[in-house]
Amino acid sequence: MNATQKLEGLPEEAAKRREGMRLLARASLAELKTAWQAIADKPEIFAVRGPETGLVMVRGRIGGGGDAFNLGEATVSRATVRLSSGEIGHGQLLGTDKERARYAAIFDALLQTGKYRPAVEALHRLIAARIDAEDRRKAEETAATRVDFFTMVRGDD
């Protein structure tokens with residue numbers, strides 16, 4: 001199931017926010033800081049929760065139909081912020097980068113405002129373009145090492 005299929009059935013606004021949160025979780029700290037510095041009239045931000053780091057249990061399933069099992073734990077960071085205008089944003093990502101989680105929460109909250117929405121959507125496009133470029137590069141590197149095996153028939157033996 002791909003990301004688009006997971007978003008089907010959600011209201012359009014919820015689907016956009018979910019996709020935005022996915023992109024923010026994969027954003028680099030440099031991308032987030034640059035986008036934040038580009039905002040001239042920054043709103044006041046209040047911490048609601050965190051940023052904090054913890055563990056989540058990762059569950060697995062063999063073959064998609066087998067019984068679920070505990071695969072192991074993964075480190076995650078999360079933060080929740082509230083803008084002075086009342087919007088609440090959440091940020092969560094794999095790893096221990098609390099600052100990235102805080103910025104992700106800020107941009108999630110900003111997405112919900114009319115004033116900052118275009119800047120956040122531009123950041124989303126920037127992150128998506130970088131991810132696509134990285135995926136293409138990985139695919140090209142993988143294709144370069146691909147070996148095609150074939151069997152050649154040598155007669156009627």
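Student: Which exposed residues sit on the face of H3 turned away from its buried side?
Tutor: This is a predicted model, where local features need pLDDT of at least 70, side-chain atom pairs count only at pLDDT 80 or more, and totals for chains, interfaces and linings use all residues. Residues are numbered from 1 along each chain as its sequence is written, and side-chain values use heavy atoms, without hydrogens and water. Exposed means over 50% relative accessible area, buried under 20%, partly exposed in between (1.4 Å probe, protein chains only). The face away from the buried side of H3 carries Thr34, Gln37 and Ala38.

Student: What arc do the buried residues of H3 cover?
Tutor: H3 spans residues 29–38, with Glu31, Leu32, Ala35 and Trp36 buried. They lie on the same side of H3, because their arc, taken from the directions from the helix axis to the C-beta atoms, is only 130°.

Student: Which elements do the buried residues of H3 pack against?
Tutor: Helices (H or I, at least four residues) and strands (E, at least two) are DSSP runs, numbered from the N terminus. Contact means heavy atoms within 4.5 Å. The partners are H2, strand S1 (45–61), helix H4 (98–111) and helix H5 (117–144).

Student: Is Arg117 buried or exposed?
Tutor: Arg117 lies in helix H5. Its side chain reaches the backbone oxygen of Leu111 at 2.6 Å. Because its relative accessibility is 19%, Arg117 counts as buried.

Key
Polar contact = N/O pair within 3.5 Å; in protein donor to acceptor, adjacent residues only side chain to side chain.
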